[in-house]
Amino acid sequence: MDFKSELDAIRDAGLYRRLRRMESASSRVVVVEGREMLMCASNNYLGLADEPLLQETAIEAIRQFGTGSGGSRLTTGNTALHEHLERELAEFKGTEAALLFNTGYMANLAALTTLVGSGDLILSDSLNHASLIDGARLSRADVQIYEHCNLTDLEKKLAVARGLKTSESAESAESAECISDSRIRSRKGGLYDRILIVTDGVFSMDGDIAPLPGICDLAERYGADVMVDDAHATGVLGSKGAGTADHFNCQTRVAVQMGTLSKALGAEGGYIAGSRDMVEYLINRARPFIYSTAMSPAGIGAVLAALQIVKNEPVRRSHLLVRAKRLRHQLLAADFEVLPSDTPILGIVLGEADHAVQFARELEAVGVFAPAIRPPTVPAGTSRIRLTLTASHTDADMDSIVKAFQQARTNLAEGGA
Ligand SMILES: Cc1ncc(COP(=O)(O)O)c(C=O)c1O
């Protein structure tokens, strides 16, 4: 294969990606390739990735359980530590049970390839994360994409899938017969056995929140189930920081709650939380769980401490959300196009990929690290800077960010004139 010309084509389209080298921990200030910069793009929302308590519990976990787990969970890799964290996660998410995976990506692949299959339908939000898209593709279920956060479009697709004309009333949908099984609810009638509505809780590149109560209403009306990817909401949203379902107080209406340990919880790994039967089914059937070595002890130790901090220090997330709101207002006041959201993710849309890359370079020149986000991660023409705040950022940092944005805009306008 001619990789060189493939790479040239990627370069020509302004989509070439290269690795950037961090030479320090993921903190508020980082050393990137020899230069100190203000980190404005990490998912370390609560500032826990370099928190001393997490380091201590990680080291303690290594002392007790070693550096590697030595096998998959079903062979030799299941420790008391794994089970302890799963109990804690289930309690945190308000579910009967939870199951760990090595990454959030694997958790999504596992859930979608195991809980639905041929004869089923996945209804997926158009801006869902790549891991949900990949899981849906691998699942063998039919997949339909509904317009981003659009409940009307979602309902239309549900009605068609249930064999109803879109004009037929929801009442007829309600009268269809429901049955239950050990995985997720199923319903006789219509074109599909099971329908699973899949959505990010907080959309990773836009920062907006899925209309979860409306999605649950539709799911209940049409005999579907709901899966939420809470990678960006875990530790950030909700009265106890437990994510989108906690934020909307609808934990019991969501069959599958997925999350990561790699963002606000400061380590790495993923989990699926839900009913005890669903978790047992995943243990028995989910290939990414069965055929991969169990998570190593260090990360588990760190997350056990992170969950305590989430519980005991709600001020971290309240400060984070207040600061994000303030930064959004500052950027809007400075005439930047900031996507609407109530989370620490701020998408500043710049248009073409080249322009976003140049903008990121200008930001870097004044010490602000926030790489450009381009297709295929976001739709063509919406390349952007994705700013993320963490609990460690200060008010002065936000002033610096706004100043850097203004400077970058001026420099690029002058350069282009
Ligand atoms: C919405 C969403 N889901 C899943 C993942 C995958 O999680 P992880 O990084 O833990 O594999 C990510 C992270 O990139 C994400 O943003």
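**Entry 1. Between the domains**

I began at the interface of domain 1 and domain 2, where the rule finds one salt bridge. A salt bridge here is a side-chain nitrogen of Lys or Arg within 4 Å of a carboxyl oxygen of Asp or Glu. I noted that this is a predicted model: local features need pLDDT of at least 70, side-chain atom pairs count only at pLDDT 80 or more, and totals for chains, interfaces and linings use all residues. Residues are numbered from 1 along each chain as its sequence is written, and side-chain values use heavy atoms, with hydrogens and water left out.

I looked up the domain bounds next. The assignment gives domain 1 as 11-40 + 314-416 and domain 2 as 52-312. Such bounds come from an automatic or database domain assignment. The C-alpha centres of the two domains lie 29 Å apart.

How many residues of domain 1 are in contact with domain 2? I found 19, facing 20 residues of domain 2. Contact means heavy atoms within 4.5 Å. Domain 1 and domain 2 bury about 1300 Å² between them, and 61% of it is on carbon and sulfur atoms. Buried area is the accessible area (1.4 Å probe) that two parts lose on being put together, summed over both.

**Entry 2**

I then checked D206, which forms a salt bridge with R384. Their closest N and O atoms are 2.8 Å apart. R384 is also the bridge partner, in β15, of V349. Strand β12 (residues 345-351) and strand β15 (residues 383-388) run antiparallel and are joined by six bridges. Strands are DSSP runs (E, at least two residues) and helices likewise (H or I, at least four), numbered from the N terminus. Two strands pair if DSSP finds at least two bridges between them.

Why is β12 largely enclosed by the rest of the structure? Seven of its seven residues are buried, so the rest of the structure largely encloses β12. Buried means under 20% relative accessible area, exposed over 50%, and partly exposed in between (1.4 Å probe, protein chains only).

**Entry 3. Strand β4**

I moved to β4 (residues 121-125). Five of its five residues are buried, so this strand too is largely enclosed. L121, L123 and D125 point one way, I122 and S124 the other. In a regular strand the side chains alternate between the two faces of the sheet.

I found two parallel partners. β4 pairs with strand β5 (residues 142-146) over five bridges, and S124 has I145 as its bridge partner there. From β4 the chain crosses through helix α6 (residues 130-139) to β5, a right-handed β-α-β crossover. Right-handed means that, with the strands pointing away from the viewer, the path from the first strand over the helix to the second runs clockwise. β4 also pairs with strand β8 (residues 195-200) over four bridges. In β8, L196 is the bridge partner of I122.

**Entry 4. Other salt bridges**

I searched the whole structure and got 22 salt bridges. One of them joins R73 and E86, with closest N and O atoms 2.8 Å apart. R73 is in helix α3 (residues 73-77) and E86 in helix α4 (residues 80-93), 13 residues apart. R73 is buried at 11% relative accessible area, and E86 is buried at 9%.

R253 and D217 come to 2.5 Å at their closest N and O atoms. R253 lies in the loop between α10 (244-247) and β10 (256-260) and D217 in helix α9 (residues 212-222), so the pair ties together parts 36 residues apart in sequence. R253 is partly exposed at 27%.

Last, I noted a network of salt bridges linking R18, R20, E33 and E364.
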